Amino acid sequence: MRRANRKRTFWLSYLAGFLVASIIAVFSVSMLNKIAPQKVNWQALQLTDLNGTPIVLSDYKGKIVLLNIWATWSKASLQEMPSLQRLQQLHPDKVVIFAISDEATNKVEKFIQANSFNLHFVKANTPLASQHLTMYPATYLLAPNGELESIYLGAQTWDSEKMQAYLLSID
């Protein structure tokens, strides 16, 4: 009888643990979609270069496009930028990188000068939060056909051999 109670207790505990883990998994997936939305209306952000010239993403079809959401105050963004710059230098005919911020243009320009970065810095003239883009850095990878290929959260090593091989294999 005592042995049967232990077995029953074990299986009830196992079931409770499984249910808790399942609830946590469902919650985590729903939170991830809020952190990094799967669909972003890039036109609604009114993207321009730092001189105010509109950026039209459809002009870059045929190339791999990285839309990097960043902020001047984000240490992870700063950590990631050198590898983005090296990737752009290694594959200028195949990869286009847009570093998108909604901060004031003069603040971004000071950041660029202080760090000597040479990327396509882009201004979102509508707050990034309007499209639920609130995690920095987050990078949206568009395939050459313009469709979303994947989303990367946090700093990445974009110029690693493995990442370059992956990017160049995208059709």
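**Briefing: sheet, helices and salt bridges in a predicted model**

Thr 126 is buried, with a relative accessible area of 19%; buried means under 20% relative accessible area, exposed over 50%, and partly exposed in between (1.4 Å probe, protein chains only). The structure is a predicted model, in which local features need pLDDT of at least 70, side-chain atom pairs count only at pLDDT 80 or more, and totals for chains, interfaces and linings use all residues. Residues are numbered from 1 along each chain as its sequence is written, and side-chain values use heavy atoms, with hydrogens and water left out.

**Confidence**

- The average pLDDT of the chain is 86, and 82% of the residues score at least 70; pLDDT is the predictor's confidence in each residue, from 0 to 100.
- Over residues 25–34 pLDDT stays under 50, and the model has three contacts beyond four places in sequence for this stretch. A contact means heavy atoms within 4.5 Å.
- Where pLDDT is low, the predicted coordinates should not be read in detail.

**Sheet and helices**

- Six strands form an open sheet in the order S1-S4-S3-S2-S5-S6, with mixed pairing. Strand S1 (47–49) and S6 are the edge strands, each pairing on one side only.
- From one strand to the next, the twist averages 25°.
- Helices (H or I, at least four residues) and strands (E, at least two) are DSSP runs, numbered from the N terminus. Two strands pair if DSSP finds at least two bridges between them.
- Five bridges join strand S5 (residues 138–142) and S6, which pair in the antiparallel sense. Tyr 140 stands opposite Ile 151 in S6.
- H4 packs on the sheet and touches S2, S5 and S6, and its direction makes about 155° with that of S6.
- H2 lies across S2, strand S3 (95–101), strand S4 (120–124) and S5, and runs at about 150° to S3.
- For these angles, axes are lines fitted to C-alpha atoms, for helices over the stretch in contact, and angles run from 0 to 180 degrees between N-to-C directions.

**Salt bridges**

- Two salt bridges are found in a search of the whole structure. The term stands for a side-chain nitrogen of Lys or Arg within 4 Å of a carboxyl oxygen of Asp or Glu.
- One of them joins Asp 159 and Arg 86, with the closest N and O atoms 2.4 Å apart. Asp 159 lies in the loop between strand S6 (148–153) and helix H4 (161–169) and Arg 86 in helix H2 (residues 75–90), so the pair ties together parts that are 73 residues apart in sequence.
- Asp 159 is buried at a relative accessible area of 17%, whereas Arg 86 is partly exposed at 40%.
- Glu 103 forms a salt bridge with Lys 107, and their closest N and O atoms are 3.5 Å apart. Glu 103 is buried, with a relative accessible area of 10%, while Lys 107 is partly exposed at 43%.

**Two buried polar residues**

- Asn 68 is in strand S2 (residues 64–69) and is buried, at 1% relative accessibility.
- The side chains of Asn 68 and Glu 80 make a polar contact (2.9 Å). A polar contact is a pair of N or O atoms within 3.5 Å; within protein, one must be able to donate a hydrogen and the other to accept it, and residues adjacent in sequence count only if both atoms are side-chain atoms.
- Beyond its neighbours within four places in sequence, Asn 68 is in contact with residues including Leu 84, Phe 98, Ile 100 and Pro 137.
- Thr 126 lies in the loop between S4 and S5. Not counting residues up to four places away in sequence, Thr 126 touches Ala 44, Leu 45, Gln 46 and Asp 102.
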